Structures are given as structure tokens and as C-alpha cells.
Number of protein chains: 2
Amino acid sequence: MNVENLSGEASGWLRDDGPENDVVLSSRVRLARNLAGYPFLTGASGHQQNELLSRCQQRILDANLSPQILWVDLPQSSRLDRQLLAERHIISQQHSQADHPRGVAVSSDENMAIMVNEEDHLRIQSLRSGLELESAYMVADEVDNRLEQVLEFAYSSRFGYLTACPTNVGTGIRVSVMLHLPGLKLTGEIEKVRRSAKDMHLAVRGFYGEGTEAMGDLFQVSNQTTLGRNEEQVLEDFGAVVIPQMIEYERAARQALQAKRSAVLDDKVFRALGTLTHARLLGGEDALHLLSYARLGVALGRISDIDLSTINELYLLTQPAHLQKMAGEPLDEPERRELRARFVRQRLGT
Amino acid sequence: MNVENLSGEASGWLRDDGPENDVVLSSRVRLARNLAGYPFLTGASGHQQNELLSRCQQRILDANLSPQILWVDLPQSSRLDRQLLAERHIISQQHSQADHPRGVAVSSDENMAIMVNEEDHLRIQSLRSGLELESAYMVADEVDNRLEQVLEFAYSSRFGYLTACPTNVGTGIRVSVMLHLPGLKLTGEIEKVRRSAKDMHLAVRGFYGEGTEAMGDLFQVSNQTTLGRNEEQVLEDFGAVVIPQMIEYERAARQALQAKRSAVLDDKVFRALGTLTHARLLGGEDALHLLSYARLGVALGRISDIDLSTINELYLLTQPAHLQKMAGEPLDEPERRELRARFVRQRLGT
């Protein structure tokens with residue numbers, strides 16, 4: 001198994017039909033861990049970074065965390081492979097672009113990945129389709145427990161797990177969901193939701209996480225602080241209160257649009273579908289924007305011959321590295337726009 | 001036969017496949033005539049206008065100019081009927097909106113019409129599909145000859161036919177063609193063509209003639225002066241030299257686009273088709289704009305399952321009065337956008 005095997009279809013966490021998938025694309029739980037006896041990564045020498053890397057790699061592979069696990073040494077990987085991993089949300093953009101010794105272990109179903117030498121020595125992440133934070137947490141927690149048997153983590157009895165960034169100290173947990181909020185965008189309520197998320201100390205980001213703008217009405221919402229609260233409290237607050245509330249806002253916005261502006265809504269939805277099924281050139285942002293309306297149309301039952309997972313897949317597979325893997329060669333921007341358009345037409349069956 | 005009969009499909013001159021119809025939608029020849037012994041219309045009293053109207057109407061109907069001829073008294077017609085006649089290019093916008101005594105006689109195939117009490121007492125016009133100025137002229141000339149046997153026209157042995165506007169004095173002829181010039185628009189050469197048309201004393205107008213902007217890349221080109229040249233010279237210059245030259249410019253622009261920017265061209269064409277076949281709301285200008293690209297795609301053989309006459313028909317039938325006739329009731333702007341979209345989808349077979 002290698003990176004090539006990953007590119008052909010969407011990861012399970014995006015392909016499956018998880019709960020609340022009309023609004024929630026995916027759930028992610030991430031645990032930050034650092035090895036005792038080493039400085040945090042930014043303070044570590046090259047030698048220490050290498051030592052951390054090989055040690056973590058070995059322990060991870062020995063632990064049989066998944067029936068099949070792929071180890072990727074990032075400095076030895078091509079730029080395209082690294083970009084592909086970032087596009088699949090297996091690694092962060094930062095982890096893809098850095099130039100120090102680092103790697104990632106990923107399970108064959110891509111539902112679990114462990115970045116080594118990212119901001120923290122270890123970042124264990126588990127991904128699920130739809131709103132599935134508890135089962136995502138169970139996987140991450142299990143991996144954490146297994147690794148803790150073979151690695152000593154930096155831990156303070158007063159603060160909990162020590163992490164490179166103070167916002168992660170304590171449980172080191174970050175929970176996030178990818179929400180599709182076209183309804184709130186169309187009704188103009190999205191800024192209100194953004195502001196109230198900020199008041200609740202939530203981070204709202206774009207499709208690619210930190211530092212990216214929300215494109216295609218996709219918003220990654222995550223908790224920002226963990227100190228002083230245990231994992232269960234974080235999961236409960238976030239997954240059972242905050243996010244369900246946002247889902248309800250979005251659904252209410254969609255219902256209001258259907259009730260009051262159904263012709264306008266249908267027009268947007270079907271124009272998007274018409275463009276997706278006919279365009280000969282399709283830019284990345286343009287595609288996300290059009291897919292967003294198509295997804296809304298599918299979620300509301302206006303479009304009946306396409307399913308949500310097809311749209312989700314297209315979000316992933318129409319990204320630049322994926323297109324180049326598909327073509328088997330490097331493509332410049334105009335070539336990618338052409339292939340993206342062709343691929344979308346083909347997948348939407350026209 | 002009444003105005004209702006006209007609304008269901010496009011006029012013959014727009015539905016048929018005339019010569020050069022990849023670029024030329026239609027040809028029109030118009031002759032301006034005034035009755036001797038009466039002032040021009042603007043100088044005529046209400047009584048004189050009424051007398052002119054009834055006299056011309058009677059002579060026209062008695063002359064058996066066409067197997068079936070429809071007479072429409074415009075002040076007695078509804079606003080919607082008058083608008084319909086203007087949309088079908090049977091009468092001018094001015095003739096539709098004026099409020100003095102006036103009318104129009106139109107042959108059942110709509111290839112010939114005579115406006116009474118427009119700017120001149122009589123305006124005989126003949127329309128043809130494609131570039132067909134000579135046969136259009138033959139019809140208008142024949143009507144002119146027949147009417148001259150029963151009406152005395154104002155004529156000066158020095159100047160020729162006398163007309164309300166000096167630019168028409170002489171033969172009173174105006175020839176015009178409706179050109180579809182999306183290629184020149186896309187290559188940016190359209191302004192150059194406009195300027196050289198001006199240098200040749202040609203008028204370049206929009207789809208609805210005088211005072212309208214070019215929409216949907218449709219340009220009505222006509223001669224501006226007639227004095228000192230006979231009909232044959234005007235027809236020869238215009239129909240055999242000037243217009244064929246413009247047609248060649250347009251075809252060269254299309255070829256250049258196909259050769260150098262085929263992906264961009266295809267993208268525009270198919271996005272337009274996708275929107276036309278999927279939109280749920282379609283504004284009038286939006287429709288003209290999209291139909292223009294679709295027409296280009298058909299003319300270039302990029303779109304194969306739609307023919308030019310279908311597109312031509314849609315230009316006509318998607319206009320406001322036509323839509324309201326179709327619905328059988330007055331429609332406000334949002335309702336028209338909805339019906340326009342539905343009708344276009346239906347006609348394009350999706």
C-alpha cells in the first residue's frame with residue numbers, strides 16, 4: 001500500500017453516509033501528545049527531531065493499530081504526494097509544506113492518522129462521516145492508550161498533557177466538524193453564527209483548516225480551549241449542544257428559503273447543476289461554489305438522481321493534486337480546469 | 001385571423017433557414033410612402049389622420065396583397081397585443097406606443113406588413129429569413145406598385161418620393177439585416193466593425209431597432225441615406241458588398257476562436273446551454289445573452305441536437321408579451337422569469 005492507492009476515490013469518512021449528513025460532512029477528533037524527555041518540536045535539534053521521528057514511527061508500526069497501516073516519510077515524498085495527503089485531510093497544510101524530519105501513519109480506511117513531528121510530537125486524529133464525534137473519539141482514545149503503553153508522554157499532574165501550544169494543554173483534545181452551511185449563507189445569517197461561535201470560543205475555518213477561507217459554504221468548526229475540562233465534557237458540549245444547535249439553524253434557514261424563496265432557491269440549485277454538467281473548464285473555487293448549491297439541492301430533495309456522497313467525493317477528488325494523480329502527470333492550471341470539468345461531468349453522469 | 005393567431009410560434013422570417021443563417025437572422029426592406037395632398041403625419045390634424053387611416057386601410061384591404069391579410073387598428077388594440085406586434089417586428093416600438101389614429105396590415109405569414117400613420121403615412125416592409133434582400137425587395141416593390149395604382153404618392157421629379165425624414169427622401173428605401181456577431185464580440189473586434197459601419201453611413205442598432213442597445217450580440221445594420229441612389233444600387237452595395245464583408249469578419253472571428261481558444265469557447269457555449277436547460281428563473285436579457293452563446297455553438301456544430309431555427313424562435317417567443325399570451329393572463333416580472341425558464345427548458349427538450 002502506498003500513497004497512489006489513496007487517490008482513486010474519496011476517503012471513507014467523506015464517502016459514507018454519517019448521521020446528520022445533510023449538514024455535517026465529517027467529524028474529527030484530534031489528540032496532541034508529546035514525548036517526555038524531549039523539547040517541543042520548535043526547540044528540538046535536527047538530531048532530536050530525527051530521533052523523535054524514528055522512535056515514534058517504530059512504536060506506531062509495532063503497535064498494530066490498524067489491520068493495514070501506511071507510513072509516509074514526508075521529506076522523502078514528492079510534493080504532489082504531500083499535497084494529496086493534505087487534500088485528503090490526512091495531514092495539515094503545515095505538515096505538508098514544512099521541511100524538517102516528519103511523517104504520518106495512516107490506516108488504510110483513512111479514518112485514523114497519526115502525524116509525527118507536526119506542531120506536537122504526535123497528533124492522533126480520527127475522522128468519521130457525518131456527526132460522529134463519540135466514535136471518532138473512541139478510536140483516537142484507543143490509539144492513544146495503545147501508544148501510551150510504549151511511549152512516555154509529557155504530562156503534568158496539575159495541567160494534564162503538555163502541548164506545544166497552550167490552547168491544547170490539558171486533554172490535548174480538539175474536536176471539529178465540517179459543516180455545510182449554504183442556507184445560512186443565503187439568508188445572510190452566517191455572520192451572526194460566526195460571531196456567536198466566537199463568543200463560545202469556537203474556531204470557524206475553511207475547508208482546509210487553519211488559515212483558510214470558507215469556500216463552497218464549508219465551515220470547519222472546532223473547540224479552541226481544552227484546559228480545565230475533560231474529554232467527555234468537551235465532546236458533550238460540542239457534539240450534543242453546540243453543533244446540533246448550528247445544524248438546526250442551518251435547517252431552519254433552508255426551510256425558510258424553501259418556504260419563501262423556493263423559485264430563487266431552485267434556480268440557484270439547478271443553474272449550478274447545469275453548469276457542473278456542462279462546463280468545459282472548471283476552476284477549483286468555482287467548482288466548490290457550484291458543488292455547494294448542488295449539495296443543497298440534493299439535501300433538500302430538489303435533485304433526486306445524485307446522492308450526497310457523490311458530491312462529497314467531488315469536493316475531494318477535484319482538488320489539484322488529485323487531478324494530477326488521476327492524469328498521471330503534472331498539469332498546469334488550464335489543464336486542471338479542463339480535467340476537473342470533464343471529471344465532474346463524468347461523475348454526474350452526463 | 002387575429003393577433004392571437006400570431007403568438008404561438010415564430011414568424012416565418014425567423015423560423016426558416018435562409019441563406020447565411022449562421023450569421024444573418026433576417027433581412028428587411030422597408031419603403032416609406034406618403035399620400036399626395038396631405039401634410040406629413042406630424043403636421044396633420046386629427047381629422048386628417050383619421051382620413052388617412054381609413055383611406056389607406058380600405059385601399060390596402062381592397063388590393064388583395066396577400067391571400068390572407070390581418071388589419072389591426074392599434075388604438076383599439078390592447079397594450080399587450082400592440083407589444084406583441086412590436087416584439088414580432090411587425091410594427092416599430094414607436095408605432096406600438098403612440099396614441100394617434102394608426103394601424104397595421106400584416107400578411108398571414110408575417111413576411112409583409114404595412115404600417116399606416118407611422119412616421120410616414122405608409123411604411124411597407126418585407127421580411128425574410130437569412131440574407132435575402134432581393135426577394136424581400138421584390139415583395140415590397142410589388143406591394144408598392146399595387147398600392148400606387150390606387151393611391152397617389154407624394155413624389156417630386158427632382159427628389160423622388162417625399163418622406164417625413166430627409167434621410168428617406170428619394171427611393172424611401174431602407175434595407176436592414178439582423179446579424180448575430182458573437183465572434184466579433186468575443187474577440188473584441190466589434191467596436192472596430194461598428195466604427196467602420198459608421199464610416200460607411202450605416203446605422204447599427206439593437207434587436208428592437210432604433211434607440212435600442214445590442215443585446216444577445218444581435219445587431220441590426222441598415223443603410224442611412226437613400227437620396228441620389230436608386231433601389232438597385234442600395235441593394236447591391238448593401239447586400240452584395242457590405243453585409244457579405246461583415247459576415248466574413250464574423251466567420252473569421254469564430255474560426256480564430258475555434259483555433260486558438262477552443263476550450264474557452266466550448267466552455268462558454270456549454271455553460272450557456274447548461275444554464276438554459278436548467279435555470280428555473282430567466283430574465284429577458286439573461287436569456288438573450290445565453291441564447292447567443294447557444295446559437296454560436298449550434299452554428300459551429302459544437303451543439304448538434306438543437307437547430308438554429310429553434311434558437312431563433314426562442315429569441316422571439318421569450319419576450320414579455322409573448323409569454324403573457326402563452327400564459328393567457330398578465331404576468332409580473334418574476335412570473336415571466338419563471339415561465340421563460342420553463343418554456344426554454346421545454347423547447348430545448350430537457
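Contact here means heavy atoms within 4.5 Å. The model is predicted. Of the interface residues of chain B, 100% are also interface residues in chain A, so the copies meet through the same surface. Chain B is superposed on chain A by a rotation of 180 degrees with 0.0 Å of shift along its axis, at an RMSD of 0.0 Å. This is the relation of a two-fold axis. The C-alpha of B:Gly274 is the one in chain B nearest the axis, at 2.1 Å from it.

Within chain A, strand 1 covers residues 24-33, and ten of its ten residues are buried, so the strand is largely enclosed by the rest of the structure. Strand 1 of chain A pairs with strand 8 (residues 173-180) and is also joined to strand 5 (residues 122-129). The table sets out both pairings.

| Partner of strand 1, chain A | Sense and bridges | One bridge pair |
|---|---|---|
| Strand 8, chain A | antiparallel, seven bridges | A:Ser27 with A:Val177 |
| Strand 5, chain A | antiparallel, eight bridges | A:Leu31 with A:Ile124 |

Helix 8 of chain A spans residues 231-260 and has 30 residues. From its first C-alpha to its last, helix 8 reaches 42 Å, close to the 44 Å expected at 1.5 Å a residue. At its N-terminal end, helix 8 of chain A is capped by A:Asn230, with a side-chain oxygen 3.1 Å from the backbone nitrogen of A:Glu232. Further along, helix 8 bends by about 30 degrees at A:Ile243, and the proline A:Pro244 follows within four residues.

Technical notes: Residues are numbered from 1 along each chain as its sequence is written. Chains are lettered from A and ligands numbered from 1 in the order in which they are written. This is a predicted model: local features need pLDDT of at least 70, side-chain atom pairs count only at pLDDT 80 or more; totals for chains, interfaces and linings use all residues. Side-chain values use heavy atoms; hydrogens and water are left out. Buried means under 20% relative accessible area, exposed over 50%, partly exposed in between (1.4 Å probe, protein chains only). Helices (H or I, at least four residues) and strands (E, at least two) are DSSP runs, numbered from the N terminus. Two strands pair if DSSP finds at least two bridges between them. The expected span of a helix is 1.5 Å times one less than its number of residues. The bend at a residue is the angle between axes fitted to the seven residues ending there and the seven starting there. A polar contact is a pair of N or O atoms within 3.5 Å; within protein, one must be able to donate a hydrogen and the other to accept it, and residues adjacent in sequence count only if both atoms are side-chain atoms. Copies are superposed by least squares on the C-alpha atoms of residues with pLDDT of at least 70 in both.
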